[in-house]
Amino acid sequence: MGSPIDHTANYSSPPAAVHAAFVDPQYWQTRLREVGGPGAAVERADTGDGTIELDLHQAIPAEHLPSMVTSLRPGDLVIRRHEAWGAFADGRAEGRFSAHVDGMPGEVTGAMTLIADGTGSSVVIDGTVEVKIPFLGSKIEGMIVEQLVELFDAVRTFTEQWLNGDHSA
């Protein structure tokens with residue numbers, strides 16, 4: 001069944017500006033360098049007419065992981081992510097994401113919707129974390145959801161800086 005991800009990230013910029021950042025490969029290179037952790041990289045970025053499909057690689061060093069996780073899977077966690085954003089139309093854009101950890105029986109999947117919100121915009125994130133480990137899966141899922149919310153907040157802060165012209169963040 002999994003644990004739900006239900007989060008909204010609010011931006012002071014209008015949705016067209018936020019979307020323009022989200023489909024800019026340079027934004028992703030800089031974003032991963034700043035908030036992606038050690039060794040984070042864009043493995044693939046395919047752009048179209050206002051769209052982007054990305055494969056990302058991130059790692060969490062073992063020393064930053066709870067002992068419950070390292071007892072199940074020693075070493076650094078290598079995370080493979082996929083994210084895609086569709087074209088901006090009628091004041092909104094739809095995105096999707098997925099992630100899995102090498103050597104772990106679980107996945108993260110979800111959808112994102114970029115919409116206007118007053119004079120700014122919001123990205124509404126709706127997803128699921130599922131870890132298929134008897135007795136411990138739901139506890140690990142909860143920890144992952146907490147980490148994802150922290151990541152979403154860091155991404156929001158980075159994106160605000162990017163939209164305000166700080167492309168070195």
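Leaving out neighbours within four places in sequence, I5 is in contact (heavy atoms within 4.5 Å) with F97, V108, I125, D126, G127, T128, V129, V145, L148 and F152. This is a predicted model, in which local features need pLDDT of at least 70 and side-chain atom pairs count only at pLDDT 80 or more, while totals for chains, interfaces and linings use all residues. Residues are numbered from 1 along each chain as its sequence is written, and side-chain values use heavy atoms, with hydrogens and water left out.

I5 belongs to the largest nonpolar core, which has 40 residues; I5, Y27, W85 and V123 are the ones that touch the most other members. A nonpolar core here is a set of buried Ala, Val, Leu, Ile, Met, Phe, Trp, Tyr and Cys residues joined through side-chain atoms within 4.5 Å. Buried means under 20% relative accessible area, exposed over 50%, and partly exposed in between, with a 1.4 Å probe and protein chains only. Helix α4 (residues 137-163) is the element that gives the most to this core, with 7 residues. Helices (H or I, at least four residues) and strands (E, at least two) are DSSP runs, numbered from the N terminus.

How far apart are the end C-alpha atoms of α4? They are 38 Å apart, which agrees with the 39 Å that its 27 residues should span at 1.5 Å a residue; the expected span is 1.5 Å times one less than the number of residues. The buried residues of α4 are G137, I140, E141, V145, L148, F152, V155, F158, T159, E160 and W162. Their cover includes the strands β1 (3-11), β6 (106-117) and β7 (120-131), together with the helices α1 (15-22), α2 (25-35) and α3 (67-72). Just after α4, G165 takes a positive phi of about 100°.

On the β1 side, S3 lies in that strand and is buried, with a relative accessible area of 15%. S3 and E141 are 138 residues apart along the chain, yet their C-alpha atoms are separated by 6.1 Å. Not counting residues up to four places away in sequence, S3 touches G127, T128, V129, S138, E141, G142 and V145.

Next come the helix partners of α4. Two packed helices are described by the angle between their axes and the distance between the axes. The axes are lines fitted to C-alpha atoms, for helices over the stretch in contact, and angles run from 0 to 180 degrees between N-to-C directions. Those of α2 and α4 come within 11 Å and cross at roughly 130°. That makes α2 oblique to α4: angles under 35 degrees count as roughly parallel, over 145 as roughly antiparallel, 65 to 115 as roughly perpendicular and the rest as oblique. On the α2 side the contact is made by Q26, Y27, T30, R31, E34 and V35, and on the α4 side by L151, A154, V155, F158, T159 and W162.

The axes of α1 and α4 come within 10 Å and cross at roughly 105°, so these two helices are roughly perpendicular to each other. A17, V18, A21 and F22 of α1 meet T159, W162 and L163 of α4 in this contact.

Also in α1 is H19. Is H19 buried or exposed? H19 counts as buried because its relative accessibility is 5%. Apart from residues up to four places away in sequence, H19 touches G50, G86, A87, F88, A93 and L114.

G50 sits in the loop between β2 and β3 (52-60) and, at 26% relative accessibility, counts as partly exposed. Beyond its neighbours within four places in sequence, G50 is in contact with H19, V23, W85, G86, A87 and F88.

Most residues other than glycine have a negative phi. D90, in the loop between β4 (77-85) and β5 (93-101), has a positive phi near 55° and counts as exposed at 81% relative accessibility. F135, in the loop between β7 and α4, has a positive phi near 70° and is exposed, with a relative accessible area of 84%.
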